[in-house]
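Q: I am new to this structure. Could you walk me through how to read its features, one at a time?

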There are 4 protein chains.
Amino acid sequence: MGIRLGANDYGKAENRVVRIYRDTPRHEIRDVTVSTALQGDFSAAHLHGDQSRVLPTDTQKNTVYAYAKEKGLREIEDYALTLARHFVADVEPVSGARIAVDEYSWERLNDHSWVRRQSEVRTTVVEVTSAGERVVSGLKDLVLLKSTGSEFAGFLTDEYTTLQETHDRIMSTSLVATWTYAGTAVEWDKTWSEVRAILLERFASVHSLALQQTLWEMGKAVLEAHPEITEVSLSAPNKHHFVVDLSPFGLENPNEVFHAADRPYGLIQATVVRD
Amino acid sequence: MGIRLGANDYGKAENRVVRIYRDTPRHEIRDVTVSTALQGDFSAAHLHGDQSRVLPTDTQKNTVYAYAKEKGLREIEDYALTLARHFVADVEPVSGARIAVDEYSWERLNDHSWVRRQSEVRTTVVEVTSAGERVVSGLKDLVLLKSTGSEFAGFLTDEYTTLQETHDRIMSTSLVATWTYAGTAVEWDKTWSEVRAILLERFASVHSLALQQTLWEMGKAVLEAHPEITEVSLSAPNKHHFVVDLSPFGLENPNEVFHAADRPYGLIQATVVRD
Amino acid sequence: MGIRLGANDYGKAENRVVRIYRDTPRHEIRDVTVSTALQGDFSAAHLHGDQSRVLPTDTQKNTVYAYAKEKGLREIEDYALTLARHFVADVEPVSGARIAVDEYSWERLNDHSWVRRQSEVRTTVVEVTSAGERVVSGLKDLVLLKSTGSEFAGFLTDEYTTLQETHDRIMSTSLVATWTYAGTAVEWDKTWSEVRAILLERFASVHSLALQQTLWEMGKAVLEAHPEITEVSLSAPNKHHFVVDLSPFGLENPNEVFHAADRPYGLIQATVVRD
Amino acid sequence: MGIRLGANDYGKAENRVVRIYRDTPRHEIRDVTVSTALQGDFSAAHLHGDQSRVLPTDTQKNTVYAYAKEKGLREIEDYALTLARHFVADVEPVSGARIAVDEYSWERLNDHSWVRRQSEVRTTVVEVTSAGERVVSGLKDLVLLKSTGSEFAGFLTDEYTTLQETHDRIMSTSLVATWTYAGTAVEWDKTWSEVRAILLERFASVHSLALQQTLWEMGKAVLEAHPEITEVSLSAPNKHHFVVDLSPFGLENPNEVFHAADRPYGLIQATVVRD
């Protein structure tokens, strides 16, 4: 029985690119972190240290920066697709490319000044291979909280269960959401904003019997409104807010004072797909 | 020559308190991290392990949570002052208390749902001792960027200088600002918002010949507008954005594509005071 | 076309468990972080908020702590297997369980005192389903550096390539390694230590023409020495150390002074498998 | 009443310097992060943006790297003193310099390969002004744990106290220690190692009635053994390990299974000085 090289890829991770559009006095800004990863037959590099088929990660970095000027950096999905297609089409040993982009948002102060806005991050991961193109966009670090409208009751119990049922609790999460597009003829910015709005609306409006249910409602609403999206994946830490027992001090605490715990946290993950 | 105990304090750091006001269907939220530190003659605990004069940090934590209900948690300065005064007035061995509060802001979605807003954090540090009361409020993680209107030229050079002058660069920082109040009869929330607005306005509007100059203009403007503030301290990392050299690829880069560097960073710190 | 629930799981992440064995004056310590994730048919919870088949994550946490006493916590693989088997065998709706454990090592000072040792973390991920049992152990945060014995030359170039060849560079990484066991009749602690030793030895001894080659040699050596291991996966950030240009100051720098950069970094990932 | 510039300084923070000594096949490595901060009359830069007295932080960075070669980087205290003296002596507007160095330790694998060792960091902060020179060395991230030999009882109580006394608890901390030298004629490496050994020995051996007492014993022992040290400051988070209540599951837990909590934590700080 022999030993052989299995799956492998390589690239330049976390290139920090800021692109300013300054054709008019009213500048525009795009602030992103870009990671590249290339697949192909790189076995000579592994087995013999032969780099003749290896495009250096330094070159990938250069391309990331050069393309921000040469091809432009407006909608991160377009930018990532352009990069991925280039590596696959123009660099012979490369058969697949995965480009991941995180984008940070800024709020305008004047024509050329900004303040960092939401803590949340817009994301995309683009994969181009001989099998086709795949765009998975999303967001992360979207921190949400409801102070009522959330229950947790009727759950399964066993000999290790001590949790009490509650019909009114805080529900809070730092949401990671990703959604897969059926194609690439998409209005990326517009769609992203609409999906974000749906996620927020569902979180706020659904009376939640379970975090699972809220996630399902979020994902379903996105698929119902956006036929160009084929599936939605949601990962939601249950950021526990424990009601503090103030009775030793002669105080009632009807869900008013909470301890926000760090660890452990529940972690609920679900994908909603088309049938 | 003997050995003795010098300065010392102790407390409970980073209590995560969330306070919901739910007297009407339209809830209010306060989300804070509270740290306590007590001073006094605790030498017996150090020298002999005698705890009879030591109020446990666990009790301090309990008080932090209980006061969020018993005394209320609205403006963080009032809440911190109330805690500090309690420890000094009511716990005999305690001669001084320092209460630090960080507050995270939320943007309302509906009556009882919110999304985390600015990444920036509002801060206060309150100290109560026999010498009096001192309130230092501020903010941190306020990330700012200008894509023009910033120069760096005419600087001192020596044999280790390689930097080129520039008359148009990106200036970006993650500002930490603190300001000291002359007293405690202050409209805390209103003043904090006004100071923040001044800091943003000065950053955006001042044509900057040096980050030092921008900080000075920020601090001066706050003191001019707010006689109840006696000094302003500003700590500003110079988050370097380097123009990427695209000439090897036949591309010009007139301040359009930047590499946002992590480390090292310039660090400029200044205090502006009344004469 | 309908919408349905796809893949999903839930659990309690990052339970921080410290287990002291104190049967004799010479105590033993195990310090771990445990995450649980359960799979099964939980569609009622998602679609209708019906929790009757959902064992709360709080109960999972309780089980994690209780088993540290009831079943013991010595070798993390055994502990994780015991937990995973319990959830699948004893909780009716659960068809699969994944238990991840990170272990932190301590160096003994005396019978009951320790100092935190290596920054690196020992890991295991155990999966139990109807299809069988799978144990993937490993380590992360293993930071390595070679000051010579590493080249990078003969690589593919294109119009975006500016990198110069080098026949003597620093090679440094923060290694993540995982390896899959063929079964569960394994001396876990002994094997883990032996694999770690092989990884260190190969990193140090192989004259590296590429980081890819070093990873391959590491993985191959592990498979050659350990028939009970079926594959090895390695993820290695190339922590760039750039030679600082000191020539403006009249100084030579023959690979003596380096700038250790944070981002971007190369990221090389490879799996070595049996044929 | 006017407004004026108060205290201010500026510098280049967190320069990541790796210095290899390769005069023989058996290399040596120094891995440090260096921060510079200069004081002086820089009011023109603040008030008018006039940089003619400002040595750029970029030049300070160049000097940090150049000196690693030109002057050498062996003991971090010597290196920091050399840098600080240079800025004050050779750059006219500079009246004071503060150089902070963090050093990461490596364990040798062979002549030119290493693995990162203790997670702890060695530190020094050197200040040179017209008033003289001051060296404060230390360590941070020294994580310690005792599984017995620690009590907490007889403490002060008030109406917010719920804590129970204990005569056997886990005591754990992530120690930050700094000590001030009387002069600069010191064997830096040797002294640092001896102080570290004393701190570990005292932590392990003292039967602790309070974390305060342990800190006092640590500081006192250092001063007794090292006349060249004038004071020791210790900052110790009380990393709480809570005994998990396993009684609902019919299990006893005689200090065997603990939940290691993140926040809040007690924070005890003390300075031990010569009389």
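**Reading the model**

A: Start with polar contacts: 38 residue pairs link chain D and chain B in this way, both residues at pLDDT 80 or more. A polar contact is a pair of N or O atoms within 3.5 Å; within protein, one must be able to donate a hydrogen and the other to accept it, and residues adjacent in sequence count only if both atoms are side-chain atoms. This is a predicted model, where local features need pLDDT of at least 70, side-chain atom pairs count only at pLDDT 80 or more, and totals for chains, interfaces and linings use all residues. Residues are numbered from 1 along each chain as its sequence is written, chains are lettered from A and ligands numbered from 1 in the order in which they are written, and side-chain values use heavy atoms, with hydrogens and water left out.

Q: Which element gives the most to the side of chain D that touches chain B?

A: β1(D) does, with 11 residues. Helices (H or I, at least four residues) and strands (E, at least two) are DSSP runs, numbered from the N terminus. The elements of chain D that each supply at least two residues to this side include β1 (3-13), β2 (15-21), α5 (211-225) and β11 (265-274).

Q: How is the size of an interface given?

A: Often as the accessible area lost when the parts come together. Here the buried area is taken with a 1.4 Å probe and summed over both parts. Chain D and chain B bury about 6,500 Å² between them. Of that area, 57% is on carbon and sulfur atoms. D:Ile3, D:Leu156 and D:Tyr160 supply 12% of the area that chain D buries against chain B, more than any other three residues. Contact means heavy atoms within 4.5 Å. By that rule, 73 residues of chain D are in contact with 72 residues of chain B.

Q: How many salt bridges cross the interface of chain D and chain B?

A: The rule finds 4. It asks for a side-chain nitrogen of Lys or Arg within 4 Å of a carboxyl oxygen of Asp or Glu. D:Arg263 forms a salt bridge with B:Glu14. Their closest N and O atoms are 3.1 Å apart.

Q: Is B:Thr271 buried or exposed?

A: Buried means under 20% relative accessible area, exposed over 50%, and partly exposed in between (1.4 Å probe, protein chains only). B:Thr271 has 14%, so it is buried. It is found in strand β11 (residues 265-274) of chain B. Leaving aside neighbours within four places in sequence, B:Thr271 is in contact with residues of chain D, among them D:Arg4 and D:Leu5.

Q: How is a pair of aromatic rings described?

A: By the distance of the centres and the angle of the planes. Rings of Phe, Tyr and Trp (its six-membered ring) pair if their centres lie within 6.5 Å; planes under 30 degrees apart count as stacked, over 60 as edge-to-face and the rest as tilted. The structure holds 20 aromatic pairs over all chains. B:Phe249 and C:Tyr160 form a tilted one, 5.5 Å centre to centre with 55° between the planes. This pair crosses between chains, from the loop between β9 (241-243) and β10 (257-260) of chain B to the loop between β6 (132-146) and β7 (171-181) of chain C. B:Phe249 is buried at 15% relative accessibility, and C:Tyr160 is buried at 3%.

Q: Why is the pair of C:Tyr181 and C:Trp188 edge-to-face?

A: Their planes stand at 80°, so the pair is edge-to-face. The ring centres are 5.0 Å apart. C:Trp188 is buried at 0% relative accessibility.

Q: Which residues form one aromatic cluster with C:Tyr160?

A: A:Tyr67 and B:Phe249. A:Lys71 lies over the face of A:Tyr67, 5.2 Å from the ring centre. A charge sits over a ring if NZ of Lys or CZ of Arg is within 6 Å of the ring centre and within 35 degrees of the ring normal.

Q: What does the side chain of C:Asp158 reach?

A: The backbone nitrogen of C:Tyr160, at 2.8 Å. C:Asp158 is found in the loop between β6 and β7 of chain C. Not counting residues up to four places away in sequence, C:Asp158 touches A:Leu55, A:Thr59, A:His86 and A:Val91.

Conventions:
Buried area is the accessible area (1.4 Å probe) that two parts lose on being put together, summed over both.
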